[in-house]
Structures are given as C-alpha cells and as structure tokens.
Amino acid sequence: MRHEEKILPADPYELLGVKKDASADEIQKAYRGLAKKLHPDLNPGNKKAEEQFKDVSAAYALLSDADKRARFDRGEIDASGQERPQQRYYRDFADQGASRTYTSDAGFADFADEDLLSELFGRRGRGNLRMRGSDMHYQLEVEFLDAINGAKRQIMLPESATLEVTIPPGTRDGQVLRLRGKGRPGIGGGEPGDALIEIAVRPHPQFTRKGDDIYVELPIPLDQAVLGGRITVPTPSGAVTMTVPKWSNTGAVLRLKGKGAPRRGGEAGDEYVTLKVMLPDTPDPELETLITQWRAARGTGAHRSTGG
Amino acid sequence: MRMREFLLAARVDATALETWVTAGWLIPRRDEEAADFSEADLARACLIRDLQHDMGVNEEAIPIILDLIDQVHGLRGMLREVATAVCAQPDDMRRRIAVEIAARASLRADRSETDT
C-alpha cells in the first residue's frame, strides 16, 4: 500500500478548525479533539474516518512544527509538503484475526448463558470450528395404557435406521422425550444433537386422565348400590376389587389411592371412580312388586324424592 | 521481529515498551527468553503511542481503551462469522433472517422513542 498519494491541498488550519493565528496549544487541543474522534483504531468499521484522520494528521504534522508552519505561512511549502510515514493500523490486523492474543470475547460471553444462543456462542474453542449437531424432532403416537405403564417403541428413521424409544411410565400427552446424542452428528468433534420425540397419547374408551389422576365411570347394579359390597374396578395397571359402601348413589366418587399415573420418584396419582347405578337390563317383575310395596309403605308418590 | 527493530519501527523507547509489556498491553511471543514481536504487536504499539502522545490519554485510561477495543474486535469477528453463516443459508432462510433483524431493529427504535 505504498502507492503515490495525492493529498488534497486543503488548508491545514481549516482541517483542524483553528484560526490562522492559533497558538501551539490551541492547535494541539484541536488536533487531539479530532484524533479522538477519527483515529482509525477507534473507528474499526469506518473507512472514511481513516481518510479524514490522515488529512488531519498531515495538517497537524505541519502546524505543530513551528519551523514548517512558518514556511507554510510564508508559502514556501504547500499543505502536502509533509506526510507521516504510512502507519499500518491495528484494526487491520485485528480484523484479519491476526491478533488472537488480544481479541476478547467478553463483549458477548454472556450470550452463551442464554439457552437459545448458547449453541451459537457457547461451547466453542476460538479458531477451529466445533459445533454441536442439531436436534431432530419426531412425533410418536402411543396407546393410553402404554403411556401410563411405560413401553418400548421403535421409530423408523429416513435412512432405514431405527430408533429405540423407551416411554417412561406416566408419560403425558404432549410430553417431549429427549434422547441424548441421537440427533445429527456434531461438526469438528462437537457433540451430536438430541432426538426430541413429542408424544401424542391416544384416548381410551374407559379412562380419562387429568394430570396424574385417572377418572373412570363404573356402572353398579341396584342391589349393590343399596346394600353395598365388593366390586371389581378396572385401573390402568389391571383390575382391583374395592368395597362400595351401602347406599351409594349415582355420582358418588370413590378414590383408589395410588392407582393413577405413576410420577417420577415412585409416587402415583389416584384413580377416581364415579358410580353409576344401573337397573337390571331386563324388566324384573319381582323387583317391580318390591318397589310397589315400598312405595305404598312410604305412603307418598315417587315425586317426593325430588321435592323438598 | 526483535526488540531493537521493533523500537525503531514503533518509535517508542525501551522503558516505555517494557512498561507496556509488563502491564500486558502488549503480549509478544517469547522464544528462548527473547521477545519476538509480530506486525500486529507493532500496530498495537503504534496505537498505544498514538493514544498517549497524540491524544493525551493518560496512563490509567489506556488499558480501559485497549480492553474495549479488544472487545469490539471480538464482537466484530463474531458478527462477521454470524453474517457469513447467514449468507451460507438458502435464499428463503436468508430473507427471513433479514426481515426478522429489521423488525427487531425497528421495535428497538420504537421502544427507545417511547422511553425518552
């Protein structure tokens, strides 16, 4: 970069913004003010600043030297009479990455703390590119009971590979399972990404789930509703027997503790059984006789039970 | 380059240079106990010299300025890498990123307007 340069024969006084009769102090002050604004190393991205700084520096070189200033004032030399030797600015080295010793990542080191940005700005040695592989997203539909009790499934991957997925007991609809290291491979020795599997749980004809609790509606025969007794109740982990207290009405809710969906740490939600009293499927004359007697004994109509 | 050559090229004296190296403003490579200065070290020394002599920056402010400049270059380097990575993306993706950046910039401008 040592080509012949035509410096504009601009007025050095004008360049520094001082009067013709400015004192040496005033000239220095003016130059310092401009240098602080224009020095190329203080303006790493501004090419124009460099040109202006050169002009201003040349002007200062001329006017700060009493002898040269006098000669310029007398018209013996022109404004381009002196030029400082070409200085190679630090910014040029820094921009080419030739100053790794000095360049600091403190200006964005905190970006690595943010989840989203850590992939871009964190976990990376300076210089050689090391990138974590990207995550892969999959969706998997599982049966209601498999989600609650846990299961193993296989996902077919595009390149005729398969991915073994363990569905942990208690998995919820919409839950995302992360399989570490099963995503895309990393670059330059970076760790591989993860496989993210979003679980969609199919509905069940009998059970519904709210949080970790299971709800089920259980029909019971009239005699058990009136007299109580032991009944068999379906739960996600298999049928259990429970006692219905005598005189249980439709809508009565019984709780089976720990029979809901498993939680992490060994606990589990509960199952809530809503009873539904059922008359026998076919008309039963014996029962009808019984109820007729029962109504007569009470001496009032059936509407009484709904009245007040 | 060796110390003598460096002092001449940078137009600084040996005492000043020693102070700068001790302060960590300049970090020359060392081989067999002698300092070996690079072109980048030279340019950096010229910057320190300009700060001190031409701009009248005092001793205490120099490391602050150097640190900020080093951070700016770190940021510039990273910004360039990000920009280069964006440019390597397909057209559609590049356009989406450009729109996103523009939208965020104008959002920020709006916010700072309402703040003041």
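In chain A, helices α2(A) and α3(A) are roughly antiparallel to each other, because their axes cross at roughly 160° and angles over 145 degrees count as roughly antiparallel. The model in which this pair occurs is predicted. The two axes come within 10 Å, and the crossing of α2(A) and α3(A) is left-handed. On the side of α2(A), the contact is formed by A:Ile27, A:Gln28, A:Tyr31, A:Leu34, A:Ala35 and A:Leu38. The residues contributed by α3(A) are A:Ala49, A:Gln52, A:Phe53, A:Val56, A:Ser57, A:Tyr60 and A:Leu63.

The crossing of α1(B) and α3(B) is right-handed. Here B:Phe6, B:Ala9 and B:Ala10 of α1(B) meet B:Asp41, B:Leu42, B:Ala45, B:Cys46 and B:Arg49 of α3(B).

Nonpolar side chains in soluble globular proteins tend to be buried together. In the present model, the largest nonpolar core has 47 residues, and those with the most contacts inside it are A:Leu16, B:Phe6 and B:Leu26. At least two residues of this core are supplied by each of α1 (12–16), α2 (24–38), α3 (47–63) and α5 (90–95) of chain A. With eight residues, α3(B) provides the largest share of the core. Apart from this core lies another, of 32 residues, which includes A:Ile148, A:Val216, A:Ala225 and A:Val233.

When residues up to four places away in sequence are not counted, A:Leu16 touches A:Ile27, A:Ala30, A:Tyr31, A:Leu34, A:Val56, A:Ala59, A:Tyr60 and A:Leu63. Among these neighbours, A:Ile27, A:Tyr31 and A:Leu34 also take part in the contact on the α2(A) side, and A:Val56, A:Tyr60 and A:Leu63 on the α3(A) side.

Backbone geometry was considered next. A:Trp247 has a phi near 60°, a positive value in a residue other than glycine. This residue is placed in the loop between β9 (240–244) and β10 (253–256) of chain A. A:Trp247 is exposed, because its relative accessible area is 67% and the cut-off for exposure is over 50%. In chain B, phi of B:Arg11 is near 55°, again a positive value in a residue other than glycine. B:Arg11 lies in the loop between α1 and α2 of chain B.

At the level of whole chains, chain A contains nine helices and eleven strands. Of its 308 residues, 32% are buried. Among the contacts in chain A with a separation of 6 or more, 50% are between residues 24 or more positions apart. The accessible surface of chain A comes to about 19700 Å², with 51% belonging to carbon and sulfur atoms.

Chain B has five helices and two strands, arranged along the sequence in the pattern α-α-β-β-α-α-α. Buried residues account for 32% of the 116 residues of chain B. Of the contacts in chain B with a separation of 6 or more, 46% involve residues 24 or more positions apart. Chain B has an accessible surface of about 7500 Å², of which 57% belongs to carbon and sulfur atoms.

Technical notes:
Residues numbered from 1 in each chain as written. Chains lettered and ligands numbered in written order. Predicted model: local features only at pLDDT ≥ 70, side-chain atom pairs only at ≥ 80, totals over all residues. Heavy atoms only, no water. Helix = DSSP H or I, 4+ residues; strand = E, 2+ residues; numbered from the N terminus. Buried < 20%, exposed > 50% of the residue type's maximum accessible area, 1.4 Å probe, protein only. Contact = heavy atoms within 4.5 Å. Areas by Shrake-Rupley, 256 points an atom, 1.4 Å probe, with all protein chains shown as cover. Core = buried A, V, L, I, M, F, W, Y, C linked by side-chain atoms within 4.5 Å. Axes fitted to C-alpha atoms, helices over the stretch in contact; angles between N-to-C directions. Parallel < 35°, antiparallel > 145°, perpendicular 65-115°, else oblique. Left-handed = near helix turned anticlockwise from the far one by under 90°.
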